[in-house]
Amino acid sequence: ETIAKTKTPVAKETAAKPKVKVDSKDENKKAATRSKPKSPPKVARRETEVKQRRSARNAPRTTSTAAGLRIEFGTEDMGIGPNIKHKFNRKLSFDAALLFFEEDEIGLGAQFGHHVPVKGARGLDWYVGIGPQVIFHDEDTETRLIPVTGFEYNIPNAPVNLSLDWRPSFELSEEADVEISRFGLSLRIVF
């Protein structure tokens, strides 16, 4: 008699893996470390900082104050004296000057101005404005109304501001004298 051999399936014994207790704090630290973006290398960070400083330096300033010298000239006496200009924002400014004219005249004037950038010319604005000017003579005082229009140039990467304007003068008195050919040239340091 032949005995039939049957193969009986042998159950595979699986090795029991020891259970390791995981500390939730360690797991949180690992997850936080994985989710943090890596910081750029020092060289790349330095280059980025330099670029940001350069762009900030080259960007047009929205507010600024500049002080310097104004020369006013034209058909009548020439005047020269200190000048200060403050920009409240990119478009609005206040400009004041104390001018010493020939024949012992002193002029004190101020104008509010509206600035518009000239497209394609970095640092160049044209502007219009108006304001009073008082001229002190030996024997009397006269008041004038001064409308202005001109160009202002802020030299890039330098704290220098130049302006050239046309500033006709309308005397507000009984004589009502008008001087059409009056001009101003200003050189200022921006701080």
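Analyst: Happy to; here are some questions and answers about the terms and the values behind them.

Analyst: First, the ground rules: this is a predicted model, where local features need pLDDT of at least 70, side-chain atom pairs count only at pLDDT 80 or more, and totals for chains, interfaces and linings use all residues. Residues are numbered from 1 along each chain as its sequence is written, and side-chain values use heavy atoms, with hydrogens and water left out.

User: Thanks! How many helices and strands are there in the protein chain?

Analyst: The protein chain has 2 helices and 10 strands. Both kinds are DSSP runs numbered from the N terminus: helices are H or I with at least four residues, strands E with at least two. Their order from the N terminus is α-α-β-β-β-β-β-β-β-β-β-β.

User: Why is Gln133 called buried?

Analyst: Buried means under 20% relative accessible area, exposed means over 50%, and partly exposed lies in between (1.4 Å probe, protein chains only). Gln133 has 3% relative accessibility, so it counts as buried. Gln133 sits in strand β5. Apart from neighbours within four places in sequence, its contacts (heavy atoms within 4.5 Å) include Glu72, Leu99, Phe101, Leu108 and Arg144. Across the protein chain, buried residues make up 27% of the 191 residues.

User: And what makes Val128 partly exposed?

Analyst: Val128 also belongs to strand β5, but its relative accessibility is 35%, so it counts as partly exposed. Leaving aside neighbours within four places in sequence, Val128 is in contact with Phe112, Gly113, His114, Val148 and Thr149. Val128 and Phe151 are 23 residues apart in sequence, with their C-alpha atoms 9.1 Å apart in space.

User: Which residues gather in the patch of negative charge on the surface?

Analyst: Among them are Glu76, Glu102, Glu103, Asp104, Asp138 and Glu139. Asp and Glu count as negative, Lys and Arg as positive, while His and the chain ends are not counted. Patch residues have over 30% relative accessible area and no salt bridge; like charges are joined within 9 Å, and nonpolar side chains (Val, Leu, Ile, Met, Phe, Trp, Tyr) within 5 Å. The place of a charge is NZ of Lys, CZ of Arg, CG of Asp or CD of Glu.

User: How do you know that Asp138 is exposed?

Analyst: Asp138 has a relative accessible area of 64%, so it is exposed. Asp138 lies in the loop between β5 (124–136) and β6 (141–154).

User: What is the phi of Glu103, and what is the phi of Asp104?

Analyst: Phi of Glu103 is near 60 degrees, a positive value in a residue other than glycine. For Asp104, phi is near 55 degrees, again positive in a non-glycine residue. Glu103 is in the loop between β3 (92–101) and β4 (105–117), and Asp104 is found in the loop between β3 and β4. Glu103 counts as exposed because its relative accessibility is 62%, and Asp104 because its relative accessible area is 60%.

User: Which residues make the nonpolar surface patch?

Analyst: Phe73, Met78, Ile130, Leu145 and Trp166 are among them, and the patch covers about 1000 Å². The elements that give two or more residues to it are β7 (160–166) and β10 (182–190). Met78, in the loop between β1 (64–74) and β2 (79–87), has a relative accessible area of 42%, so it is partly exposed.

Notes: Accessible areas come from the Shrake-Rupley method with a 1.4 Å probe; for residues, only the protein chains shown count as cover. A salt bridge is a side-chain nitrogen of Lys or Arg within 4 Å of a carboxyl oxygen of Asp or Glu.
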